[in-house]
Amino acid sequence: MKLLVGGKGGAGKSAVSLLLAHELSKKANTILLDSDESNRLLPKTLGLETPDTIANYLGGRSKVRKSIEDHEKINLNELSSEYVSKTDYGITYAAVGKIEEYGEGCACPYGFLSKELLKRIELAPEEYLIVDAEAGIEHLGRGVEEGIDKLIVVIDPTAEGVEIAKKLVSEAQRIGKPIHLILNKVTSEIEQIMLEKLESEGLKADALIRYDPVIFKSSLMGGLFSAEKASEDISRFIETHL
Ligand SMILES: Nc1ncnc2c1ncn2[C@@H]1O[C@H](COP(=O)(O)OP(=O)(O)OP(=O)(O)O)[C@@H](O)[C@H]1O
Ligand SMILES: [Mg+2]
């Protein structure tokens, strides 16, 4: 199953992607595909070395559009350790492409590559692919959702987070993709306000992920990702919705 995790910048897309990857890897091999061209530390949060990107595997930003055409199917598990890093508990990490230098140009080739890769990545029936998308709605504009099975939208306690979710929901409906909304960083003080805000916008959350100080601290320290309360919340979501 191919899942794309989207939402507003800072809403918790990477945290939710990691929570999903950790929980799902208990059931089956899970690939975490980093399609955010800016972030740097996602592999470190899994205790992994940073592999070279799939864009570089395909010859670099100027060649990806052409060379992806030579790959009708791609099995990321079969790429060498130069391009994928694997934990010993069943998570495979790969990155689509990263902006490396000042003035190198826009991230457009990587957006294009994300779309083409997702259509071509082959999974075993029980395997999971989780795509940690870039912030906002640009992936929609590029049609990246075409190759995925489900869209997961992370909403943080902000009106902007809800607004972006609304846009993603309407586009998912238009292209006929199932979508799940996850409210993230929920505290007891704001839970009711968030639920009412969503309802007033005609939206409904499929999961609530509590504000988890353990996640916050692990992001701050930059080491291995860890979570407590949020892990319980994501496993409830997985049991009921995936
Ligand atoms: N459930 C949670 N409880 C506490 N802190 C959280 C939770 N989810 C995310 N955070 C914190 O919120 C911040 C942003 O999270 P994260 O990096 O996952 O967001 P993102 O949507 O991937 O951001 P970006 O748009 O930059 O990729 C981090 O400090 C992270 O620790
Ligand atoms: Mg992120």
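Guide: Let's start with a term: a nonpolar core is a set of buried Ala, Val, Leu, Ile, Met, Phe, Trp, Tyr and Cys residues joined through C-beta atoms within 7 Å. Keep in mind that this model is predicted.

Visitor: Okay, so which residues touch the most other members of the largest nonpolar core here?

Guide: The general idea is that nonpolar side chains tend to be buried together in soluble globular proteins. In this case the largest core has 66 residues, and Leu3, Ile130, Val131 and Ile182 touch the most other members. Helix 1 gives this core its largest share, seven residues.

Visitor: What does Leu3 touch, if I skip residues up to four places away in sequence?

Guide: Quite a list: Leu20, then Tyr128, Leu129, Ile130 and Val131, and also Ile148, Asp149, Lys150 and Ile152.

Visitor: Zooming out, how many helices and strands does the protein chain have?

Guide: There are ten helices and eight strands. The chain's radius of gyration is 17 Å, close to the 18 Å from the globule rule for 242 residues, so the chain is as compact as a globular protein of that length. Its C-alpha trace spans about 50 × 40 × 40 Å along the principal axes, and 42% of the 242 residues count as buried.

Visitor: And what percentage of contacts between residues at least 6 apart in sequence join residues at least 24 apart?

Guide: That comes to 77% in this chain.

Visitor: How do I read a helix for burial? Take helix 8: how many of its 13 residues are buried?

Guide: Count the residues with 20 or more other C-beta atoms within 10 Å of their own. Helix 8, residues 188-200, has one such residue and is hardly covered. After helix 8 comes Gly202, with a positive phi near 75 degrees.

Visitor: Last one, the ligand. Which residues come nearest to ligand 1?

Guide: Gly12, Lys13, Ser14, Ala15 and Ser219, out of 19 residues around ligand 1. By class, this shell has eight nonpolar, seven polar and four charged residues. Helix 1 (13-24), strand 7 (179-186) and helix 9 (213-221) each supply at least two residues of the shell.

Technical notes
Residues numbered from 1 in each chain as written. Chains lettered and ligands numbered in written order. Predicted model: local features only at pLDDT ≥ 70, side-chain atom pairs only at ≥ 80, totals over all residues. Buried ≥ 20, exposed ≤ 12 C-beta atoms within 10 Å, placed from the backbone. Helix = DSSP H or I, 4+ residues; strand = E, 2+ residues; numbered from the N terminus. Near = placed C-beta within 6 Å. Nonpolar A, V, L, I, M, F, W, Y, C, P; charged D, E, K, R; others polar. Rg over C-alpha atoms; globule rule 2.2 N^0.38 Å. Contact = placed C-beta atoms within 7 Å.
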